Every structure is written in structure tokens, then in C-alpha cells.
Amino acid sequence: MSRAESLYAASLAGPFVIAGPCVLEAPDMVLSVARELAGMSGRLNLPVVFKSSFDKANRTSLDSFRGPGMEEGLKLLARVKAETGLPVLTDIHLPEQAAPVAEVADVLQIPAFLCRQTDLLAAAARTGRIVNVKKGQFLAPWDMSNAVGKLRGSGCESIWLTERGAGFGYNNLVVDMRSIPVMGGFGVPVVFDATHSVQLPGGQGGCSGGQREFVPVLAKAAVAAGARGVFMEVHPDPDHALCDGPNSLPLDRLEPLLRHLQAIWSLDDPS
């Protein structure tokens with residue numbers, strides 16, 4: 001069984017977490033965060049997937065930091081896997097990125113704004129990796145059945161769907177927790193993106209804002225609503241992060257929150 005197959009089986013059987021800095025920054029910081037996450041995974045006996053992007057193609061401003069690019073980014077993600085043993089997840093934006101990224105990543109993530117892009121979904125499906133599709137801010141949860149259909153029709157059965165909030169007026173998002181059981185009805189694990197759900201898109205003019213103080217309450221509500229996984233961007237110093245700092249959770253607040261989430265998950269554990 002491949003690492004991706006083992007990870008997907010674990011996600012069907014119990015809770016898991018996706019965490020890491022929004023974008024790949026300095027290698028020393030990235031590896032330090034990954035080691036911290038690996039330690040938490042061991043202490044909590046909780047599967048953790050390391051997440052970070054080599055390129056953030058959807059940025060508010062042309063001047064925003066995008067990341068190191070695919071070649072250097074994949075080298076760094078490969079180091080994360082080799083040095084920590086964590087599976088890794090990263091975004092793709094173009095169909096031609098799917099195959100080379102799948103040589104390193106265990107999970108290919110389809111960004112929310114691209115969740116309807118048929119060629120991108122089909123290319124990701126053909127890699128044999130888990131495909132995590134973020135629900136577009138503009139879609140009803142039941143419309144994600146079409147993304148699932150495209151993936152399955154292209155040969156992919158290892159699918160995660162992620163709720164990350166819906167557009168609510170200008171520069172704001174709101175989460176309808178009903179979307180979690182709705183998407184779960186498609187027979188796939190549902191992930192809740194607790195940090196992007198508190199984002200204020202474009203809310204600072206040249207960049208997005210965020211309300212990270214609401215991450216814990218939304219994460220706990222989503223787990224109670226049936227989310228199998230929780231996605232959180234974390235950073236050792238969010239106020240100085242190069243991307244998505246306002247909605248990122250400080251790394252030192254992650255483990256206490258995960259313990260709370262485990263307590264809620266345990267309420268639904270038949271064992």
C-alpha cells in the first residue's frame with residue numbers, strides 16, 4: 001500500500017489534521033514547523049498532513065509574495081517528507097503541474113477558485129494521489145457533487161472535499177455548517193478549513209485580512225457537525241508571515257486546540 005493509500009484509509013477510519021504555513025518561506029522555518037507538527041502527531045496519536053504551497057497564484061496584489069516556485073518548492077517538500085515522515089499536501093493550478101507534483105506530494109489540492117476546472121480535476125485524478133478539492137466560495141455544497149463526479153469519472157476514488165466558507169457580501173465569508181453533512185453524503189471525508197474561513201478576502205486593500213480569534217470556535221463547531229478532518233494554516237509568527245498571516249493560527253496554539261478537537265471527535269467514536 002502506498003503512503004497516499006494508507007493516508008486515505010486512515011482518513012476513512014478516523015480524524016486527521018492538515019496544517020502548515022500558507023506558503024513555503026525560508027527552509028529553516030518550514031522544516032522547524034514540520035518537526036513541531038510531527039511531534040504533535042506522535043504525542044496525540046493523530047494523523048497530520050503537512051501543507052504548504054510552492055506558488056500562491058491567487059493573490060490580491062501583483063506585489064504579493066507567491067512562494068519559491070514549483071522546482072524549489074518540491075525540493076523543500078521532499079525534505080519535509082524525508083526528515084519528518086509526514087505526508088505532504090500542496091496546491092496545483094494547472095493540469096501540467098499534476099504529474100510532477102504527484103512525484104512528491106501525497107495529496108494534490110485544488111484551490112477553491114478552480115474547483116470547477118475540468119481539465120485540472122482530471123489531471124489530478126490520473127496521478128493516483130489523494131485529491132482535496134476546496135469548495136468554491138461561490139458554490140452551494142450540493143454542487144460539489146459535480147467535482148466528485150469529474151474525479152471519479154477520471155479514475156480517482158481517493159477524494160477529500162473541503163469547506164472554506166462562502167462569500168457573504170463584500171470582503172467577508174460565512175460558514176454554513178450544513179455543508180459538512182451535505183458533502184459527506186457524497187461518500188467522501190469532509191475537511192473544514194478553519195483558517196481560510198475566517199479570512200476577509202481583500203479586506204486590507206492590497207491584501208486579505210482575517211480574524212484568527214475565531215479559528216478555534218469554528219473548528220470545534222465543524223468537528224461537532226461531522227468534519228472528519230480540520231485544515232489550519234499555522235505559523236510561528238503570523239504577524240510577520242509572508243502570506244495569510246491575519247488568518248493563520250500561531251503554532252504554539254495548535255496543540256491545545258487539537259486536544260479540544262479530539263475530545264469532540266471522541267464523542268462520536270463508537271468504541
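Asp 55 is buried, at 14% relative accessible area, where buried means under 20%, exposed over 50% and partly exposed in between, with a 1.4 Å probe and protein chains only. This is a predicted model, so local features need pLDDT of at least 70 and side-chain atom pairs count only at pLDDT 80 or more, while totals for chains, interfaces and linings use all residues. Numbering runs from 1 along each chain as its sequence is written, and side-chain values use heavy atoms, with hydrogens and water left out.

Asp 55 sits in the loop between E2 and H3; helices (H or I, at least four residues) and strands (E, at least two) are DSSP runs numbered from the N terminus. Leaving aside neighbours within four places in sequence, Asp 55 is in contact (heavy atoms within 4.5 Å) with Arg 66 and His 93. Asp 55 and Gly 67 are 12 residues apart along the chain, with 4.8 Å between their C-alpha atoms.

Phe 65 belongs to the loop between strand E2 (48-51) and helix H3 (70-84). Phe 65 counts as partly exposed, at 32% relative accessibility. Its C-alpha atom is 21 Å from that of Asp 193, which is 128 residues away along the chain.

His 196 is in the loop between E9 and strand E10 (199-200), and it's buried, with a relative accessible area of 4%. Its side chain makes polar contacts with the side chains of Asp 193, at 2.7 Å, and Lys 134, at 3.2 Å. Not counting residues up to four places away in sequence, His 196 touches Arg 164, Phe 231 and Glu 233, among others.

Lys 134 is part of strand E5 (residues 130-134) and is buried too, at 5% relative accessibility.

## One side of H8

Which residues of helix H8 (residues 215-224) are buried? They are Val 215, Pro 216, Ala 219, Ala 222 and Val 223. These residues cover an arc of only 130 degrees around the axis, so they lie on the same side of H8; the arc is taken from the directions from the helix axis to the C-beta atoms.

The buried residues of H8 pack against helices H7 (179-184) and H9 (254-267), plus strands E9 (190-193), E12 (229-235) and E13 (249-250). Just after H8, Gly 226 has a positive phi of about 115 degrees.

## The second largest pocket

The second largest pocket has a volume of about 460 Å³. Its lining has 23 residues, with Ala 13, Gly 14, Pro 15, Arg 228 and Trp 265 nearest the centre. H7 and H9 are the elements that give two or more residues to this lining. By type, the lining residues split into 14 nonpolar, 6 polar and 3 charged; Ala, Val, Leu, Ile, Met, Phe, Trp, Tyr, Cys and Pro count as nonpolar, Asp, Glu, Lys and Arg as charged, and the others, Gly among them, as polar.

On a 1 Å grid over the protein atoms alone, a pocket is an open set of points where a 1.4 Å probe fits, with protein on both sides within 12 Å along at least five of seven lines, and lining residues have an atom within 4 Å of a point. Points are joined across faces, edges and corners, and the volume is the space filled by probe spheres set on them.

Key:
Polar contact = N/O pair within 3.5 Å; in protein donor to acceptor, adjacent residues only side chain to side chain.
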